[in-house]
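Please prepare a briefing on the structure shown below.

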Amino acid sequence: MEREAEEPPPPDTAVDPQAVKAAQKQRFAQLDRDTLIGIYRQMLLARRFEEKSAEAYSSGKIGGFCHLYIGQEAVAIGAISAIRKDDYVLTSYREHAHAIAKGVSADAVMAELYGKSGGCSRGKGGSMHMFDKEVNFLGGHAIVGGQIPLATGVAFATKYKETDQVTLCFFGEAAVNQGAFHESLNMAQLWKLPCIYICENNQYGMGTSLERAMSLQDISQKACAYEIAAEFVDGMDVLAVREATLRAVERARKNYLPTLLEIRTYRFMGHSMSDPGNYRTRAEIERHQERDPLKLFSASLKEEEILSDAELQNIDTEVRAEVDQAIRFAEESAPPEAEELFTNIYADPIGEQE
Ligand SMILES: Cc1ncc(C[n+]2csc(CCOP(=O)(O)OP(=O)(O)O)c2C)c(N)n1
Ligand SMILES: [Mg+2]
């Protein structure tokens, strides 16, 4: 007899506010004031930067595709705050915040959005192809899941060279359905590679919800198939993200072991700037906005008496000035020269190797 398909249980999204508070207190006690403020400032910079990018896009200054990260800031900022400057980061096309957190200047990211020569990819990449090898930020990848085998290769290279660098590989939950994810996790555990796979589960791949696209929706469980350590993390809590990443970093640096982190988050904006958003309701978005990672973190910074309202306001003013400066830099930067069409095509240009 045919079995009727069972409704999958809803993913566990219930959060106990008391437990969150207690954990927060403990986390705050472990961090100095400058680190906490630095993390908040970066989250706010990512938010304000993208608000301005949206305006510039709407007024036609930025062309091509543009995927905003608003709502997900705690993931990139929390995770990248847990690594060293010489560690590597690779991610998808939703990468403005990752680039800034890894050390690319807001000026260079904005100029790249504008397609100008002052951009980190000299204006040839645009929104989806930020890259800066000086800070070990290896993209910005537009092929869904394309960065996962690349990051696995980077982790292989660092182990081969016997450095203790780790690689963070960010991707969306829709990328988990790609074969490349499974092949990479298998190799990473088999060869003991220091790669941290960070699934930013924002619950949608374009307009398709996770429920409609994935048979096993508990993504962290997929690590069992490869015997990889895994954690499920609240992606609206920046310090929870940081802590989980720190645990994974220790595993990677000391023992060359990979980890899969499923970080549950939500994107407040459309998939890209041209998404009409017909696949979800305003009420759903608003429900998630109640746990806006910036609101949660600023509230706890006040609660723990790290920052006052006036100090929070000052940081906002500074950050807005930094974004205005980035816009000025992008506006004034020259378009790329025609010769740039022939650069960065081959790592070793043909005929130049004699
Ligand atoms: C291999 C491949 N297939 C399809 C696409 C088209 N595409 C672009 S983004 C996207 C959804 C990806 O969703 P997810 O991985 O969850 O990342 P998010 O956009 O939510 O950050 C798809 C299907 C693509 N870029 N690459
Ligand atoms: Mg997604």
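Where is Glu227 found? Glu227 is found in the loop between helix 8 (210–213) and strand 7 (229–234); helices (H or I, at least four residues) and strands (E, at least two) are DSSP runs, numbered from the N terminus. The model is predicted: local features need pLDDT of at least 70, side-chain atom pairs count only at pLDDT 80 or more, and totals for chains, interfaces and linings use all residues. Residues are numbered from 1 along each chain as its sequence is written, while chains are lettered from A and ligands numbered from 1 in the order in which they are written.

**Confidence**

- The protein chain averages a pLDDT of 94, and 95% of the residues score at least 70; pLDDT is the predictor's confidence in each residue, from 0 to 100.
- Confidence in the protein chain is highest in strand 3, at 99, and lowest in helix 1 (residues 17–29), at a mean of 81.
- Over residues 1–9 pLDDT stays under 50, and the model has one contact beyond four places in sequence for them; two residues are in contact if their C-beta atoms, placed from the backbone, lie within 7 Å.

- Six strands form an open sheet in the order 2-1-3-4-8-7, with parallel pairing; two strands pair if DSSP finds at least two bridges between them.
- Strand 2 and strand 7 stand at the edges with a single partner strand each, so one side of each is left without a neighbour in the sheet.
- From one strand to the next, the twist averages 15°; axes are lines fitted to C-alpha atoms, for helices over the stretch in contact, and angles run from 0 to 180 degrees between N-to-C directions.
- Strand 1 (residues 88–92) is mostly covered, as five of its five residues are buried; a residue is buried if 20 or more other C-beta atoms lie within 10 Å of its own, exposed if 12 or fewer, and partly exposed in between, with C-beta atoms placed from the backbone.
- Strand 1 runs parallel to strand 3 (residues 167–172), joined by three bridges, and Tyr88 has Thr167 as its bridge partner there.
- Three bridges also pair strand 1 with strand 2 (residues 137–141) in the parallel sense, where Val89 stands opposite Phe137.

- Six of the six residues of strand 8 are buried, so strand 8 is largely enclosed by the rest of the structure.
- Thr259, Leu261 and Ile263 point one way from strand 8, whereas Leu260, Glu262 and Arg264 point the other way.
- Strand 4 pairs with strand 8 in the parallel sense over six bridges, and Ile198 has Leu261 as its bridge partner.
- Strand 7 and strand 8 (residues 259–264) run parallel and are joined by six bridges; Phe232 stands opposite Glu262, and Ala229 stands opposite Thr259.

**Helices**

- Helix 3 (residues 73–80) lies across strand 1, strand 3, strand 4 and strand 8, and runs at about 170° to strand 3.
- Helix 9 (residues 238–255) packs on the sheet and touches strand 4, strand 7 and strand 8, its direction making about 175° with that of strand 8.
- Helix 5 (residues 106–113) has eight of its eight residues buried, so helix 5 is largely enclosed by the rest of the structure.
- The buried residues of helix 5 include Asp107 and Glu112, and their cover includes helix 2 (33–58), helix 4 (96–102) and helix 12 (309–332).
- Gly115, whose phi is positive, near 70°, follows helix 5.

**Ligand 1**

- Ligand 1 is surrounded by 14 residues, of which Val144, Gly172, Ala174, Ala175 and Gly205 are the closest; a residue is near a molecule or strand if its C-beta atom, placed from the backbone, lies within 6 Å of it.
- The shell divides into seven nonpolar, five polar and two charged residues; Ala, Val, Leu, Ile, Met, Phe, Trp, Tyr, Cys and Pro count as nonpolar, Asp, Glu, Lys and Arg as charged, and the others, Gly among them, as polar.

**Selected residues**

- Glu227 is not a glycine, yet its phi is positive, near 55°; Glu227 is exposed, with 10 other C-beta atoms within 10 Å.
- Gln203, also not a glycine, has a positive phi of about 75° and is found in the loop between strand 4 (195–201) and strand 5 (204–205).
- Gln203 is partly exposed, with 19 other C-beta atoms within 10 Å.
- Leu210, in helix 8, touches Glu173, Gln203 and Gln217, not counting residues up to four places away in sequence.
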